[in-house]
Amino acid sequence: MEQNTRMSMDQIPFDKLEKVGISRGLIEKMEKREMTDFLNGYRSDKLYTVNAKVGDQDYKIPAKVRLQSKEDGSVDIRLHPIQRLNVPDEYLGHKFTKEEKGALLNDKNLSKTVELTGRDGKKDNYYLSIDPKTNEMIPLRARYIQIPDKIKGVTLTAEQKDKLAAGQKVTVDGMTGKNDKKFSATLQVDAAGRNISFKDFRSEKQEQSQEQKADKSKGAKQKVS
């Protein structure tokens with residue numbers, strides 16, 4: 001793991017984490033994927049209870065944590081507490097329309113790619129999501145996400161791949177889940193999770209049951225008429 005990440009376990013500043021209230025044991029309990037992301041400088045998946053000082057008062061608040069490598073080679077920590085849900089008028093050079101603000105506030109996802117100016121001053125296409133746990137705006141360069149040809153046993157059509165790449169929602173039927181059970185779901189690129197998210201799960205039995213009810217309903221109407 002350490003060879004494939006920006007930072008190694010040996011570089012984690014456990015002393016600084018302890019000072020904010022996060023024990024070494026909690027970090028070491030991270031699952032493999034979360035630890036890999038953590039060592040690559042991404043926010044933790046979980047919220048941790050951390051120490052915070054506001055004025056002269058001490059508080060304990062929930063926050064995500066991430067590692068940040070410094071120019072001198074040392075590693076620091078950054079805390080990301082829960083924020084008030086808000087979409088600014090402008091973000092990294094992009095001015096949001098009323099519809100775009102509504103999409104982010106209601107769905108936590110912009111559902112399309114937009115051109116943003118990164119910290120390096122260069123413009124690029126990004127996905128935009130709001131972290132559901134902290135309400136932070138999370139940008140993700142579109143080129144960092146590769147749309148696969150197949151998901152959960154289903155080969156995606158060219159149209160489905162294009163829509164996913166554009167940040168749009170796509171419904172995929174007949175996927176194979178645990179215990180070889182078939183299901184359908186709505187798929188979409190999630191910038192906050194840096195992956196393709198699955199929502200609105202429906203099992204194959206649920207769909208068949210709903211179709212049968214719909215057929216019976218139509219038949220009943222036909223008999224009455």
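## Exercises on salt bridges and burial

At a relative accessibility of 30%, K16 counts as partly exposed, a term that covers values between buried (under 20% relative accessible area) and exposed (over 50%), with a 1.4 Å probe and protein chains only. The model is predicted, so local features need pLDDT of at least 70 and side-chain atom pairs count only at pLDDT 80 or more, while totals for chains, interfaces and linings use all residues. Residues are numbered from 1 along each chain as its sequence is written, and side-chain values use heavy atoms, with hydrogens and water left out.

**Exercise 1.** Find the residue whose side chain meets that of K16 in a salt bridge, and state where both partners lie.

*Solution.* Begin with the rule: a salt bridge is a side-chain nitrogen of Lys or Arg within 4 Å of a carboxyl oxygen of Asp or Glu. The side chain of K16 meets that of D76 in such a bridge, at 3.5 Å from N to O. The pair links distant parts of the chain, for K16 belongs to helix α1 (residues 14–19) and D76 to strand β3 (residues 75–81), 60 residues apart; helices (H or I, at least four residues) and strands (E, at least two) are DSSP runs, numbered from the N terminus. Finally, D76 has a relative accessible area of 15%, and is therefore buried.

**Exercise 2.** Describe the salt bridge between R24 and E28 and the accessibility of each partner.

*Solution.* First, the closest N and O atoms of R24 and E28 are 2.8 Å apart. Next, both residues lie in helix α2 (residues 24–28), four residues apart, which is about one turn of the helix. Last, R24 is partly exposed at 42%, and E28 is partly exposed at 43%.

**Exercise 3.** Which residue forms a salt bridge with D120, and which network includes the pair?

*Solution.* The partner of D120 is R141, with the closest N and O atoms 3.4 Å apart. This pair links distant parts of the chain: D120 is in the loop between β6 (114–117) and β7 (123–130), and R141 is in strand β8 (residues 137–141), 21 residues apart. D120 is partly exposed at 47%, whereas R141 is buried at 15%. A network of salt bridges links D120, D124, R141 and R143.

**Exercise 4.** Is N40 buried or exposed, and what is N40 in contact with?

*Solution.* Locate N40 in the loop between α3 (32–39) and β1 (48–54). With a relative accessible area of 15%, N40 is buried. Leaving aside neighbours within four places in sequence, N40 is in contact (heavy atoms within 4.5 Å) with N4, T5, R6 and M7.
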